[in-house]
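Here are my notes on this one, in numbered points. Have the structure open while you go through them.

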Amino acid sequence: MSATLIKCFNLAKAVGTGAFRNALATSHSQVAAWSPATVGSLLKCGIHSNVPLQNEKLMEFFDDPKHWSETEVKVGRAWRTDELRIKSNKELHQLWYILLKERNMLFTMEHECNDKMEVFPNPERIDKIKISMENLETVVRERNKAYHLLETGETGERPQKQIHNAFGLRCNYKTIEHVLPPFMNTKWIKAQHNTYGGRAVHKFLLHYREKLYNVKRKAKNRSRNEVMMTLRRNPNIDLQMLKRKYPDVDIDKLLSQDKTRGHYVTKVDA
Amino acid sequence: MSTRWYPIYQRGNPQLRVFLPNFWMKLVRPTEEQPANVVTFAVSTQMTKHDVKNYLEKIYKIPVVDVRTRIALGDTKRDQVYGYITKNEDVKLAYVTMPKNEAFTFPDLFANKAEKQEKDEKSMDESKQGFRKFLDRNKKRPGTPGWYSI
C-alpha cells in the first residue's frame, strides 16, 4: 500500500493534482474491495511461493543416487560406426545430446570424487563416451561430405594446405574466411608469416636436416651391421628370409665382403 | 561457438546454429558460501556467457537469469626432486543465477559410503573364512573338488 501511495505522490508531482486525486480514488476503491479472507489467501500464497524449490533438472549433472557409494559401475561398450551408420540424422542428433549429458555427468562425478579424495569408479566410461562421440562425428561428417559432393562437387570440409612456417618447416595451414579478398587486405599481407629467411633460420635448418639425416644414416648402419653379424654366426641362414626382413640392405654385396665370414675354418667334405 | 569451423558471420546473415556442440560443463561444489539460487559450473574455456545460458536453457531446460564467468588460473607446482614447474590447466568458472523461486544445494555423494564398505568387507571376510574351512577340510586329500563331499 505504502509503495503505491509513494508512487502516487511522485506521479502527482510530475503530472498535477488532478491525476493525484484520481489515483488516490482508485487505490481507495481497491482497498474497499479487499476482504480479509482474500488478503489472507494472498498472504498464504505469498509464503508458499517464497519457499524455493529444489531444482530437479540440475540433478542430471549427477549419477543415479544408487551409484553414488558404489565402487564399481558396470556399463556397456561404446557405439561403433557401423551401428551409427544405420541411424537416421534425427536419431544421431538425439544421441549426441544424450552422450553430451552423460559426459558432463561423468566429469562432474570425477571432479567431486577427486575433491573428496575418493576413487572415481570405472573411469573408462569417459573414454567410451569419447569414442562414441568421435564415431558419431565421423558418421555425420561422412554424410555431410556425400551431400556436399553431390550438390556442389566439393567436400565441404575446411580447406587445408601445406605451407612453410617462419622456421622453414612444413606445417598444415587451415584456411580462414576473410571479409576482404587477399589482394585488398594489405594489413594481412604485411602480417603473414608464411615466408622464411635470414641467417639464423638457414643455420637452424642446416642443423635440423643434419640431425634428421643422422637418424636415417644410423638406422641404415645398424641394420647392415645386424645382417653382417647374423651372416657371420649363421653361415647357412635362409638368405630370402634375411632379404625380406632387411629390404634396405644389399646382402649380395655384403656376402662378397670379408666381414661376413666367421673366425673358423670352413668344413670341407671329403 | 564450439571449436568447429563455421562460415564468417556478416550482418544480415541468419544466426549461426550449432548442431553438435562439443562444449563440456561440470557442476562443481562452490568454495565460498553462495545464495541458494546460484550454481557454480566449470565450463570449456571457449564458452561465452551467452553460450552458458543457451546451453543450460536449451539442453537442460534450466531457467537462467544471469551468468557471470571468470577464468581461474591453474595451480603451479614445483617438482620436489628436479625442480621443474608443472601447471594445471586454466578453467573457466561460470556462476549461474537461477530465478528466486529455484534453489540448489550440492548433494553429499559419499554419505553412506563407509556403511557400504563395511558391509562389503564383512561379506569378503565371510567368504575368506569359508575358503579357509574348505582348505582345512581338504588338508589330507589335496586336489579333491568342492562337490566331492558335504
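1. Leaving aside neighbours within four places in sequence, B:Thr86 is in contact with B:Lys77 and B:Asp79; contact here means C-beta atoms, placed from the backbone, within 7 Å. Before going on, bear in mind that this is a predicted model, where local features need pLDDT of at least 70, side-chain atom pairs count only at pLDDT 80 or more, and totals for chains, interfaces and linings use all residues. Residues are numbered from 1 along each chain as its sequence is written, while chains are lettered from A and ligands numbered from 1 in the order in which they are written.

2. B:Thr86 sits in strand E5 (residues 85-87) of chain B; strands are DSSP runs of E, at least two residues, and helices are runs of H or I, at least four, numbered from the N terminus. B:Thr86 counts as exposed because it has 10 C-beta neighbours inside 10 Å (exposed means 12 or fewer, buried 20 or more, partly exposed in between, with C-beta atoms placed from the backbone). C-alpha to C-alpha, B:Gly74 is 9.8 Å from B:Thr86, at twelve residues' separation in sequence.

3. On to the chain contact: chain A puts in 29 residues and chain B 30. On the chain A side, strand E1 (53-54), helix H5 (89-115) and helix H6 (124-152) each give two or more residues, with H5(A) supplying the largest share, ten residues.

4. A:Leu53 has B:Glu102 as its bridge partner in E7(B).

Conventions: Two residues are in contact if their C-beta atoms, placed from the backbone, lie within 7 Å. Two strands pair if DSSP finds at least two bridges between them.
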